[in-house]
Amino acid sequence: MNAQDGTTAGTGHGQAATYRNPVLAADWSDPDVIRVGEDFYLTASSFGRVPGLPLLHSRDLVNWTLIGHALERLEPAAEFTVPRHDCGVWAPSLRYHDDRFWIFWGDPDHGIYQVNAPSVRGPWSTPHLLKAGKGLIDPCPLWDEESGEAYLVHAWARSRSGIKNRLTGHRMRGDATGLLDEGKVIVDADRIPGWFTLEGPKLYRHDGWYWIFAPAGGVTTGWQGALRSREFFGPYEERIVLEQGDSDINGPHQGGWVRTAEGEDWFLHFQEQGAYGRLVHLQPMRWDEDGWPVMGADGTPVREHAMPDLPAQLPCEPATDDDFPGGRFGRQWQWTANPRDGWAPQHTADGLRLTCVRGEHAHDLRTAPHILTQRLPASACTVEVELALDAQVPGAKAGLTVLGDAYRWIGLERTADGDVRLVHRFAETVADRERDAAEPMPAPGGRARLRIEVGPGARCRFAADTGDGFVSAGPVFAATPWRWVGALLGLFAAAPGRPGQGGQAGSALFTKFRISKEI
């Protein structure tokens, strides 16, 4: 659906209007949100995909559009020439300070970075490594207007550092170019009975307290905690402020607090949903008589609620459909690694023309850096795209895939005898190369309309039309996430051999990409 024509999680207008969670029904993982004037902005984890650090905009906290990205290439650039699906950008924090937008994030293998810009639309600075090290994740800054000091808090990834369940605090230079101390553990959750996997801190100043909103308990079944102290370096007292309770919303945690210009408080968080990734929910928030935040319905997440008291906004959601005008793809698409000049799309007037990139990864799409992906919608839908293969090299292929720790694709391949055939292939999680999911079929003219019907539980049925109507291909495939990333939809063109070997391998033309959601 188009950016301006999509459905919305909200219904109706005025004071009686309601919205229904999730407000972002796709993998917008680890969201953070701010308000600047009348506008709300949100960013999310992008892991190993490029461009990274998506930027979304809303006027009512329910209807969102994708307006760009803050990170053109992942750094260190050489580390991301190949896919690193669960690495890269983890849990960013978005802030507005000194008339600039700031985003801080942790790369678990390299350290804490920041970028900044005078406008949310850029230009964004090159990434600055603020703190180098392994296992440094989920950073959040605070420029304290009361004291004039700047601070940073971050969590730890045990997989890289051997440390977890702790938050470390630093004093920071006001321009965020360096830290002013070696850091101190300001929260040790091993000392809090029942708390484990404390991470994702968001740092605030409110009502004379330093506040850390931080999730604990794990991605799927955890809870949202709040901690407060009169001093940044502690000691902190804690409270659970949002947990599943008797709702059907598992693990309601990790996100950001935002206050409207009218003084309403709201909390955006994620819900982990398997192959769909982490969906974004909006919870009402208030403060109790003891000064603690109360989220949702007295600490239980709501599925439906009255809209925020904000001006009505036309229904919208991040774009999915693409006609590839001028041969360019929309903002919703991301590569699986830093792009190279040799396989960037060719500008044409008739759709998206991708080079059939040569590489030893042609037998396993999970290792291919040139897959163009977008998020899998968390609802029943039908995905379609038209494909024409214009490549004479035997083994050249192109198609539409559901990509994850296991994957499946349907598309076209040039055979050794010069024909083009329709193929349907898959690879299991434990497999190191793909194999046929159905018998190949002739594809006269080297053209096909490809379709994936996504049903409940992200169960996908593949089909294609080579001129005589759609025909199903192979058994149902259950989309599979990576460890931290939901399954993705992808377009690709590839050929066997080494890069640069044997000259150009041809190209593939994609047109009329559509996702039709069931209402």
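Reader: Where is the place of Asp207?
Author: Asp207 sits in the loop between strand 15 (202–206) and strand 16 (209–216). Strands here are DSSP runs of E with at least two residues, helices are runs of H or I with at least four residues, and both are numbered from the N terminus.

Reader: What are we looking at, and how is it numbered?
Author: This is a predicted model, in which local features need pLDDT of at least 70, side-chain atom pairs count only at pLDDT 80 or more, and totals for chains, interfaces and linings use all residues. Residues are numbered from 1 along each chain as its sequence is written, and side-chain values use heavy atoms, with hydrogens and water left out.

Reader: Back to Asp207. Buried or exposed?
Author: Asp207 is exposed, at 56% relative accessible area. The cut-offs: buried is under 20%, exposed is over 50%, and partly exposed is in between, with a 1.4 Å probe and protein chains only.

Reader: And what is its phi?
Author: Asp207 has a positive phi of about 55°, although it is not a glycine. Most residues other than glycine have a negative phi, and most peptide bonds are trans.

Reader: What about Ala91's phi?
Author: Positive too, for Ala91: about 40°, and this residue is not a glycine either. Ala91 lies in strand 7 (residues 90–97). Its relative accessibility is 2%, so Ala91 counts as buried.

Reader: Which peptide bonds are cis?
Author: The bond from Asn21 to Pro22 is cis, with omega near 0°. The bond from Gly122 to Pro123 is cis as well, with omega near 5°.

Reader: Where are those prolines placed?
Author: In loops. Pro22 is between strand 2 (18–20) and strand 3 (32–36). Pro123 is between strand 9 (111–117) and strand 10 (128–132).

Reader: New topic. How many helices and strands in the chain?
Author: One helix and 38 strands. The radius of gyration, taken over C-alpha atoms, is 23 Å, close to the 24 Å that the globule rule gives for 519 residues, so the chain is as compact as a globular protein of that length. The rule is 2.2 Å times the number of residues to the power 0.38.

Reader: What does the C-alpha trace span?
Author: About 75 × 50 × 40 Å along the principal axes. Buried residues make up 61% of the 519.

Reader: Which charges does the chain have?
Author: There are 52 positive and 67 negative side chains, and the centres of the two sets lie 5 Å apart. Lys and Arg count as positive, Asp and Glu as negative; His and the chain ends are not counted. Each charge is placed at NZ of Lys, CZ of Arg, CG of Asp or CD of Glu.

Reader: Now Phe426. Which strand is it found in?
Author: Phe426 is in strand 31 (residues 420–427). This residue is buried, with a relative accessible area of 13%.

Reader: What is Phe426 in contact with?
Author: Beyond neighbours within four places in sequence, Phe426 is in contact with Tyr407, Arg408, Glu434, Arg435, Asp436 and Ala437. Contact means heavy atoms within 4.5 Å.

Reader: Last one. What pLDDT does the chain average?
Author: The average is 94, and 95% of the residues score at least 70. pLDDT is the predictor's confidence in each residue, from 0 to 100.

Reader: Where is the pLDDT below 50?
Author: Residues 1–8 are below 50, and this stretch has 27 contacts in the model beyond near neighbours in sequence. Residues 11–16 are also below 50, with six such contacts. Where pLDDT is low, the predicted coordinates should not be read in detail.
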